[in-house]
Amino acid sequence: MSTPTSLTTGTTRRAALQWAGLALASTGLAGCGFRLRGSQAFAFQRIAIGPQPGGAVAQELRRSFGSAVQVLAANEPLTQAQLVLTVTNEAREKVVVGVNSSGQVRELQLRIRVLLQLRTAQGKGKGIIEGDEIVQQRDISYSESAALAKEAEEALLYRDMQSDIVQQILRRLAAIQAGQLD
């Protein structure tokens, strides 16, 4: 008859320890500064992105602002913008980095390079960002027998690198202070 009581006591004690462990873990996670990434706050409300229509990075960047920032259309004058961002020299590269003993390609390196310039719309003085280059690269194995699959994987990697570059640009723009806009 003592078995059910000790079993109930052991189960209750185990449940209490699990709840205490869960509370301790959630307190530790909250205390370390973990926080989900929210939307970014920008010190400006209007931006012009050139060239029009621009490459894939510039086009994705225009879509990424959402309602937080108004991106000026191509026919609007640059003087209406607070900042003018120029995304130039967008280049996609594919470099062979490995071959097998018979000279067939075994590994490739994919790269996207983008050059940025950011200035105020008035263009007085030095630009905020002048000639910064952002480079993303990924390695990919290659096989002649799976050429179509590797082509699809390559397109996916280029899209991923493009999104990473856009996120880097957005973080740089979010770091701009209101005093830099004058």
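This is a predicted model: local features need pLDDT of at least 70, side-chain atom pairs count only at pLDDT 80 or more; totals for chains, interfaces and linings use all residues.
Local features need pLDDT of at least 70 and side-chain atom pairs count only at pLDDT 80 or more, while totals for chains, interfaces and linings use all residues. Residues are numbered from 1 along each chain as its sequence is written, and side-chain values use heavy atoms, with hydrogens and water left out.

Four of its five residues are buried, so E1 is largely enclosed by the rest of the structure. Buried means under 20% relative accessible area, exposed over 50%, and partly exposed in between, with a 1.4 Å probe and protein chains only. E1 pairs in the parallel sense with strand E2 (residues 70–71) over two bridges; strands pair if DSSP finds at least two bridges between them. Arg46 has Gln70 as its bridge partner in E2. E1 also pairs in the parallel sense with strand E3 (residues 83–99), over four bridges, and here Ile47 has Leu83 as its bridge partner.

Among the residues with the most contacts inside the largest nonpolar core, which has 31 residues, are Phe44, Ile47 and Phe65. Such a core is a set of buried Ala, Val, Leu, Ile, Met, Phe, Trp, Tyr and Cys residues joined through side-chain atoms within 4.5 Å. Helix H3 (147–174) is one of the elements that give two or more residues to this core, and the largest share, eight residues, comes from H3.

Ring pairs link Phe42, Phe44 and Phe65 into a cluster. Rings of Phe, Tyr and Trp (its six-membered ring) pair if their centres lie within 6.5 Å; planes under 30 degrees apart count as stacked, over 60 as edge-to-face and the rest as tilted. The whole structure has two aromatic pairs. Phe42 and Phe44 form a tilted pair, 5.4 Å centre to centre with 45 degrees between the planes. Phe44 counts as buried because its relative accessibility is 1%. The ring centres of Phe42 and Phe65 are 5.5 Å apart and their planes are at 65 degrees, so this pair is edge-to-face.
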